[in-house]
Amino acid sequence: MKYALIAIVVIIVLIILYIGSTYNSLVKKKNSVEEAFSTMDVYLKKRWDLIPNIVSTVKGYAKHEAETLEKVISARNGRYQDLTDDEKVAVNSELSKGLASINVVAEQYPDLKANENFLNLQNQLNRTEEDIANARKFYNAVVKSYNNTIEMFPSNIVAGMFNFAKKQMFVVENTVQRENVKVEF
């Protein structure tokens with residue numbers, strides 16, 4: 001009887017240690033996801049801030065391409081900091097499409113392609129797009145690790161007990177967005 005009681009206490013202690021360890025692991029992974037999103041968010045905000053400069057430069061050359069420019073402006077309207085993380089992902093998907101369209105418009109205007117201000121903005125945008133792609137890869141890797149932990153047995157039991165929710169990957173949705181946003185001159 002004494003050994004059975006000791007065995008039960010040892011099992012209970014092991015279960016408590018497992019739950020505590022798994023909980024701490026989940027918190028660490030959740031914080032890593034939030035950190036990775038924050039890093040990516042810096043680059044998304046940088047691109048967000050570059051867009052008005054690019055659009056105003058292109059507008060001077062491509063007045064009759066107003067529809068393309070309006071799509072980019074409408075996707076960018078609003079205050080970036082007021083958006084939720086999911087809204088930021090959705091809006092930036094739309095911006096990627098719009099920026100690809102601006103690059104097509106720019107190809108049609110030789111004077112614009114030679115404009116030093118436009119070239120500088122394009123170079124900044126290209127570097128920012130590369131940074132976004134790298135940050136997106138890191139973010140998605142961290143999200144994958146987190147999601148695996150909360151979905152796999154037995155850690156899924158602890159995740160369910162403490163309401164850890166699955167996170168969304170930052171996915172590029174269509175082939176236009178999958179292409180690198182760049183202009184070659």
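Colleague: Why is Asp41 called buried?

Modeller: In this predicted model, Asp41 has a relative accessible area of 15%. Buried means under 20%, so Asp41 is classed as buried. Asp41 lies in helix α1, which spans residues 2–61.

Colleague: What makes the pairing of the side chains of Asp41 and Tyr80 a polar contact?

Modeller: The distance given for the side chains of Asp41 and Tyr80 is 2.5 Å. A polar contact requires a pair of N or O atoms within 3.5 Å, and therefore the pair meets the distance limit. Setting aside residues up to four places away in sequence, Asp41 touches Tyr80 and Lys88.

Colleague: Why is Thr22 also described as buried?

Modeller: Thr22 has a relative accessible area of 8%. The limit is under 20%, so the term buried applies to Thr22. Thr22 is likewise found in helix α1, and it is in contact with Ser155 and Val158 when neighbours within four places in sequence are left aside.

Colleague: How many of the elements are helices, and how many are strands?

Modeller: The protein has seven helices and zero strands. Buried residues make up 37% of its 185 residues.

Colleague: Which helices have the lowest and the highest mean pLDDT?

Modeller: Helix α7 (residues 175–178) has the lowest mean pLDDT among the elements, at 43, whereas helix α6 (residues 155–161) has the highest, at 96. For the protein, the mean pLDDT is 83, and 85% of residues reach 70 or more.

Technical notes. Residues numbered from 1 in each chain as written. Predicted model: local features only at pLDDT ≥ 70, side-chain atom pairs only at ≥ 80, totals over all residues. Heavy atoms only, no water. pLDDT = per-residue confidence, 0-100. Helix = DSSP H or I, 4+ residues; strand = E, 2+ residues; numbered from the N terminus. Buried < 20%, exposed > 50% of the residue type's maximum accessible area, 1.4 Å probe, protein only. Polar contact = N/O pair within 3.5 Å; in protein donor to acceptor, adjacent residues only side chain to side chain. Contact = heavy atoms within 4.5 Å.
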